[in-house]
Amino acid sequence: ARTGIGRAHAKSILLGEHAVVYGAPAIAVPLHALDLTVRVSERADEQLHLRSALFTGFAADAPQRLHPLVTAIHAALALTTSAPLGLDVEIDSAIPFERGLGSSAAVAAGIARAIGDLTETPLDPEAVHDVVMAAETIAHGRSSGLDGRAVASDVPIRFRAGEVTPVPVGAPLTFVLADSGHEGSTAEAVGAVRELRETFPSRVDGVIGRLGAIVEESLDRFATGDVPALGALMDEAHGLLTELEVSDATLDRLVGAAREAGAAGAKLTGGGRGGCVLALAPDAARAAHLETMLRDAGATRTWQTTVETA
Ligand code: PMV
């Protein structure tokens with residue numbers, strides 16, 4: 001039987017989440033430490049069988065949570081020539097679910113790559129992105145497309161209205177991610193911002209505009225590796241996301257703990273209302289201390305990631 005393998009990594013949004021849905025720019029980085037592998041093999045029958053941490057069984061019986069994943073499989077099969085009739089799909093993922101880390105986009109990218117590998121005609125990056133967007137539309141409703149680009153990029157990116165450009169980083173930046181332990185529904189958070197904007201259009205548009213301006217201001221700071229300035233922009237962004245009502249008491253507590261522990265800046269990352277907090281370490285040597293303090297403050301897990309470009 002033909003077999004294939006596909007990989008993808010998690011991502012974290014540094015700046016611009018939510019505003020990006022309204023056409024503002026955003027910046028996201030790859031999280032290489034959190035990744036997943038998808039293995040596919042052709043079946044003798046015409047069945048689609050899944051094996052993952054959440055569910056093992058035939059795709060037709062998969063719970064709602066896995067519908068985006070099933071959509072990705074069908075979308076990828078439709079884009080390949082000599083597609084198999086039946087398929088075993090096995091997902092081995094280290095990316096936590098619904099934490100703003102791009103797990104749904106990463107699974108879809110891994111599936112597209114694995115199916116391309118099986119048919120020996122790798123899908124090109126645009127085809128992989130089409131598969132991811134088909135799945136993301138089911139997972140998140142209207143999505144900016146940022147997650148799909150971020151999980152497929154090996155470098156930090158600036159994303160705006162579908163356009164992707166690499167972000168040069170002048171000196172290594174070490175970030176600590178802390179999991180609040182609560183799932184955050186991106187679809188719900190995005191819907192809440194939409195409703196808030198319908199009620200208070202000028203106030204919300206002002207916040208969105210400032211979130212976008214922060215992204216543009218940050219580009220020079222990334223280029224020079226200006227940690228204090230980047231931290232200040234992250235702090236301001238968290239305040240603005242709080243105004244959009246996508247933070248919560250747990251996220252605010254973790255952000256406060258990170259700042260007390262000496263972080264240059266801290267904010268929620270991704271959709272919010274659960275999910276993760278991202279803190280910028282003043283230097284790499286102090287990242288471990290930040291992790292300890294965040295776990296003491298209730299984070300269920302923490303990770304470090306260093307962002308740099310050549
Ligand atoms: O929660 P995540 O990591 O899927 O990030 C969502 C980012 C939003 O800007 C809130 C939504 C979007 O489609 O860009």
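V21 is buried, because 20 other C-beta atoms lie within 10 Å; the cut-offs here are 20 or more such atoms for buried, 12 or fewer for exposed, and partly exposed in between, with C-beta atoms placed from the backbone. You'll find V21 in the loop between β1 and β2; strands are DSSP runs of E with at least two residues, helices are runs of H or I with at least four, and both are numbered from the N terminus. Leaving out residues up to four places away in sequence, V21 touches S144 and V190, where contact means C-beta atoms, placed from the backbone, within 7 Å. The C-alpha atoms of V21 and S144 are separated by 5.0 Å, although the two residues are 123 apart along the chain.

A word on ground rules. Residues are numbered from 1 along each chain as its sequence is written. This is a predicted model, so local features need pLDDT of at least 70 and side-chain atom pairs count only at pLDDT 80 or more, while totals for chains, interfaces and linings use all residues.

H18 is buried, with 28 other C-beta atoms within 10 Å. Its phi is near 70°, a positive value in a residue other than glycine. Most residues other than glycine have a negative phi. E245 also has a positive phi, near 65°, and sits in the loop between α7 (227-243) and α8 (249-260). E245 is partly exposed, with 15 other C-beta atoms within 10 Å.

Now the ligand. S144 turns up again here, as one of the closest residues, along with G100, S143, G270 and G271, in a shell of 16; a residue belongs if its C-beta atom, placed from the backbone, lies within 6 Å of the molecule. By class the shell has five nonpolar, nine polar and two charged residues, counting Ala, Val, Leu, Ile, Met, Phe, Trp, Tyr, Cys and Pro as nonpolar, Asp, Glu, Lys and Arg as charged, and the others, Gly among them, as polar. Helices α4 (146-151) and α5 (186-199) each supply at least two residues of this shell. Domain 1 (3-163) and domain 2 (169-307) each contribute at least three.

Those two domains make up the division of the protein, with bounds from an automatic or database domain assignment. Their centres, taken over C-alpha atoms, are 24 Å apart.

What about the largest nonpolar core? It holds 103 residues, and A72, I111 and V131 touch the most other members; such a core is a set of buried Ala, Val, Leu, Ile, Met, Phe, Trp, Tyr and Cys residues joined through C-beta atoms within 7 Å. Helix α2 (103-118) gives the most to this core, with ten residues. Both domain 1 and domain 2 give residues to the core, so it lies between them. Setting aside neighbours within four places in sequence, A72 is in contact with V107, A108, I111, A112, V131, A134 and A135.

Key
Two residues are in contact if their C-beta atoms, placed from the backbone, lie within 7 Å.
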